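Below is a briefing for a reader new to this structure. Please look at the sequence and the model first, then read the notes by topic.

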Amino acid sequence: MGSVKGVLVAGGSGSRLLPFTRFTHKTLLPIFDRPVIDYALKTMRESGITEITIIANEHIGQIAKHLGGGESDEKIHFVIEEQPRGVENALALARPYVEGSRMMLYFSDNITTWDFSDDVRDFENSEEPPGAILLAREVDDPSSFGVCVIGEGGEVVDVVEKPEEPPSDLAIGGIYLFDETFFERVDSVEEGFSISDVTRKYVSEGKAAIRNIGNTTWIDCGTPLSLHEASELAIKGEIQPKF
């Protein structure tokens, strides 16, 4: 099937990080001495991904200026999202670059120290569509996430998006691996869908594997407080970008 491609969804207006995001892109805000996007790209790069599509708003030129042409073996596509219209629109913008390929879908607010290299290698070597890999962790506020429904045998049987009464505390993070059938599932859900509407199709068909990261670092850097917390981890050396 060839290499796994990357999609970094960095769209939206960054409203949770105003007033800073009036002037710059949210992924260029600092975590200690490096911007958020460097940490996100580290996860992709260390897993072996070399072709990456970045979806971002009117500040995308700043991202392009920061990254330049990327690393020597990389191909980076910069795609502007003219209006913040949610995940459905972002995926439509990415589709021409990744349809028919296996991909890592990465929502840019997330930072993790989880190592995807084995899973990416397995995806590249699988002769049959390998399904999906969903990153999960136990959280204190599951109603803010897509949440796993756990079956009687302890297996994940469904994913529900931001439920008022969470069925568990196991949340699905914003970083996924999907096989080449991803857009078939996208086309089968209703307009205005969330990413959980797509992942639950993989889960219901028994074609999703859950990676519970346990104590591995996972931070949502979408607020000033979480950026501060991430900076403290970076100062301690617990998270590091790839220079």
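The largest pocket holds about 1200 Å³ of space. A pocket here is an open set of points on a 1 Å grid over the protein atoms alone, with protein on both sides within 12 Å along at least five of seven lines, and lining residues have an atom within 4 Å of a point. Grid points are joined across faces, edges and corners, and a volume is the space filled by probe spheres set on the points. This is a predicted model, in which local features need pLDDT of at least 70 and side-chain atom pairs count only at pLDDT 80 or more, while totals for chains, interfaces and linings use all residues. Residues are numbered from 1 along each chain as its sequence is written, and side-chain values use heavy atoms, with hydrogens and water left out.

**Pockets**
- The lining of the largest pocket has 43 residues, and R16, D109, N110, K162 and D220 lie nearest its centre.
- Strand 1, helix 3, strand 8, strand 11, helix 6 and strand 13 (218–220) each give two or more residues to that lining; helices (H or I, at least four residues) and strands (E, at least two) are DSSP runs numbered from the N terminus.
- Strand 11 gives the most to the lining of the largest pocket, with 4 residues.
- By class, the lining of the largest pocket has 13 nonpolar, 18 polar and 12 charged residues; Ala, Val, Leu, Ile, Met, Phe, Trp, Tyr, Cys and Pro count as nonpolar, Asp, Glu, Lys and Arg as charged, and the others, Gly among them, as polar.
- The second largest pocket, of about 180 Å³, is lined by 15 residues, with K42, T43, E46, T112 and T113 nearest its centre.
- Helix 1 (36–46) and strand 7 (110–112) each give two or more residues to the lining of the second largest pocket, and helix 1 gives the most, with 4 residues.

**Cavity**
- The structure holds 1 cavity of 30 Å³ or more, a cavity being a set of grid points where a 1.4 Å probe fits but cannot get out.
- L17, K26, T27, V36, S108, D109, C221 and L227 line the largest cavity, a set that divides into 4 nonpolar, 2 polar and 2 charged residues.

**Strand 6**
- All 5 of the 5 residues of strand 6 (residues 103–107) are buried, so the strand is largely enclosed by the rest of the structure; buried means under 20% relative accessible area with a 1.4 Å probe, protein chains only.
- On one side of strand 6 the buried residues are M103, L105 and F107, and on the other M104 and Y106.
- Strand 6 pairs with strand 1 (residues 5–10) in the parallel sense over 5 bridges, where two strands pair if DSSP finds at least two bridges between them; V7 has L105 as its bridge partner.
- With strand 11 (residues 170–178), strand 6 pairs in the antiparallel sense over 4 bridges, and M103 stands opposite F178.

- The buried residues of helix 6 (residues 195–204) include I195, S196, V198, T199, Y202 and V203.
- These residues lie on the same side of helix 6, because they cover an arc of only 160 degrees around the axis, taken from the directions from the helix axis to the C-beta atoms.
- In the largest nonpolar core, of 30 residues, L91, L105, Y176, F178, F182, I195 and V198 touch the most other members; such a core is a set of buried Ala, Val, Leu, Ile, Met, Phe, Trp, Tyr and Cys residues joined through side-chain atoms within 4.5 Å.
- Helix 3 (86–98) gives the most to this core, with 5 residues.

Methods:
Buried means under 20% relative accessible area, exposed over 50%, partly exposed in between (1.4 Å probe, protein chains only).
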